[in-house]
Amino acid sequence: MTTTTTHPTTTTHTATAPDGAVAATTAAGTAQPLLRPADFGDFQLPNRVVMAPTTRARAAGPGLVPTDLHAVHYGQRAGAGLIVAEGTWVSERAIGFVHVPGIYHEAQIAGWRQVTDVVHALGGRIVLQLWHTGAASHPAHLGGALPGGPSAVNPHERSFTATGFQDTVTPREMSRAEIATTVADFRTAAENARRAGFDGVEIGALGSFLIAQFLNPRLNLRTDAYGTDRAGRRRLLLEIIDAVAEPWDGRRVGVRLSPYWTSGDTFTADAETLAAYDELVAELNDRPVAYLHLRGPETAGAGGTPDFAAFARYRRRFDGPFIANLGFDRDSGNALVEEGGADAVSYARHFIANPDLVTRFALDRELAAGDPSTYYTGDARGYVDYPVSA
Ligand SMILES: Cc1cc2nc3c(=O)[nH]c(=O)nc-3n(C[C@H](O)[C@H](O)[C@H](O)COP(=O)(O)O)c2cc1C
């Protein structure tokens with residue numbers, strides 16, 4: 001496998017504290033807003049430092065089973081207020097990236113059980129992100145079959161296959177029966193996640209993947225109930241939320257959105273698409289959603305600061321717990337929580353390189369830098385060997 005791949009939702013820079021973050025910057029220990037407990041309804045977080053989902057492409061064999069290494073990796077990070085485990089296939093039809101685990105057969109459930117047992121034994125909480133790539137997949141993942149999407153429009157993405165990146169193709173328009181099967185696959189995956197011991201699931205409705213394709217008016221040209229207008233385009237997500245919530249007692253389903261996502265020639269955030277997300281986020285208030293996990297806009301270059309106003313737009317429309325992501329460090333995360341811009345902040349790259357991220361924040365220890373060349377390589381190196389702070 002190449003060592004220079006980039007996940008479709010990866011960014012390559014870090015952020016520093018925004019102006020006005022002085023109070024949070026100087027806060028020490030548990031006085032830091034990020035280190036206060038948070039009541040997320042059915043999730044009780046001892047701190048507000050969430051581990052963002054990170055694809056690490058370490059699943060074993062053609063069965064795409066999580067291994068002991070996964071248990072070690074997540075166990076090392078059990079200090080997170082909440083772990084959102086990596087995007088995981090809801091079915092074989094969902095596959096669109098190599099060596100990513102699934103949650104659709106018994107060996108996968110058993111593999112994940114080891115992970116959740118370790119995390120729980122160490123006092124942590126862990127939910128599983130459910131993933132379907134839709135038209136962003138490639139025939140190479142699907143036994144030569146065309147991927148299905150909302151309409152027969154090529155998203156012009158690149159899919160990471162066993163032979164490297166390949167350009168996406170024009171997908172098949174999914175039939176109504178296929179949509180119903182997909183919703184059922186998400187439900188079964190959520191039931192399997194519950195059986196595997198997860199505390200809940202997060203619906204991956206972000207990036208260039210299936211659910212975001214349905215939300216996208218440039219990719220969803222359908223004239224039926226799953227397209228036509230904004231309400232139609234969000235119907236798939238809303239049906240998946242309802243289906244995925246069924247196996248759980250209480251609110252155990254988070255939703256991850258990326259309204260600002262820009263990629264290829266079809267994912268371009270503009271006034272129209274942002275307004276559609278405004279409506280969607282407001283509508284989530286009527287659904288059994290445990291939290292909204294919002295990936296913000298890219299920061300302006302290396303060292304750029306997260307745009308707090310971009311999060312405020314959706315924060316004020318959603319009544320439940322709100323997790324902000326992208327480009328945060330300790331100071332900017334504390335500043336956002338302190339001003340009420342989010343209930344928690346999630347960290348991807350910092351958690352990759354700093355398994356004890358919460359302790360490092362508490363003691364204001366320097367953060368280690370990760371090695372992107374091992375993000376998607378298949379062994380222990382760069383996965384379970386980042387040291388804790390001495
Ligand atoms: C190696 C890597 C793998 C990722 N995998 C996923 C994933 O499986 N699901 C997802 O929603 N986002 C994924 N992302 C995006 C991150 O969750 C996060 O949105 C992004 O890295 C920005 O957060 P950060 O600034 O804290 O790193 C991944 C990012 C990286 C670096």
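These exercises work through a predicted model.

**Exercise 1. Overall size**

Decide whether the radius of gyration of the protein agrees with that of a compact globule.

Solution. 
- Start from the chain length: the protein has 390 residues.
- A compact globule of that length would have a radius of gyration near 21 Å.
- The protein has 19 Å, which agrees.
- For the outline, take the principal axes: the C-alpha atoms fill a box of roughly 55 × 45 × 40 Å.
- Now look inside: buried residues make up 52% of the 390 residues.
- Last, take contacts with a separation of 6 or more: 73% of them join residues 24 or more positions apart.

**Exercise 2. Secondary structure and the annotated span**

Count the helices and strands of the protein, then describe the span that UniProt annotates as a domain.

Solution. 
- The protein has 12 helices and 14 strands.
- The unreviewed UniProt entry carries the annotation "domain: NADH:flavin oxidoreductase/NADH oxidase N-terminal", covering residues 34–366.

**Exercise 3. Strand β4**

Work out whether β4 is enclosed or open, and find the strands it pairs with.

Solution. 
- Check burial, where the cut-off is 20 or more other C-beta atoms within 10 Å.
- In β4, 8 of the 8 residues are buried, so the strand is largely enclosed by the rest of the structure.
- One partner is β3 (residues 49–51), parallel to β4 over 2 bridges. Here methionine 51 is bridged to isoleucine 83 of β4.
- Another partner is β5 (residues 126–131), also parallel, with 5 bridges. Alanine 85 stands opposite leucine 128 in β5.

**Exercise 4. The shell around the ligand**

Describe which residues and elements surround the ligand.

Solution. 
- The ligand is surrounded by 23 residues.
- The closest are Ala52, Thr55, Gly87, Ala348 and Arg349.
- By class, the shell holds 12 polar, 7 nonpolar and 4 charged residues.
- By element, β4 (82–89) and α11 (349–353) each supply at least two shell residues.

**Exercise 5. Alanine 31**

Solution. 
- The cut-off for exposed is 12 or fewer.
- Now compare chain and space: alanine 362 is 331 residues away along the chain, yet the two C-alpha atoms are separated by 8.8 Å.

Technical notes. Residues numbered from 1 in each chain as written. Predicted model: local features only at pLDDT ≥ 70, side-chain atom pairs only at ≥ 80, totals over all residues. UniProt positions renumbered as here; feature names shortened; annotations may be inferred. Near = placed C-beta within 6 Å. Helix = DSSP H or I, 4+ residues; strand = E, 2+ residues; numbered from the N terminus. Nonpolar A, V, L, I, M, F, W, Y, C, P; charged D, E, K, R; others polar. Rg over C-alpha atoms; globule rule 2.2 N^0.38 Å. Contact = placed C-beta atoms within 7 Å. Pairing = 2+ DSSP bridges.
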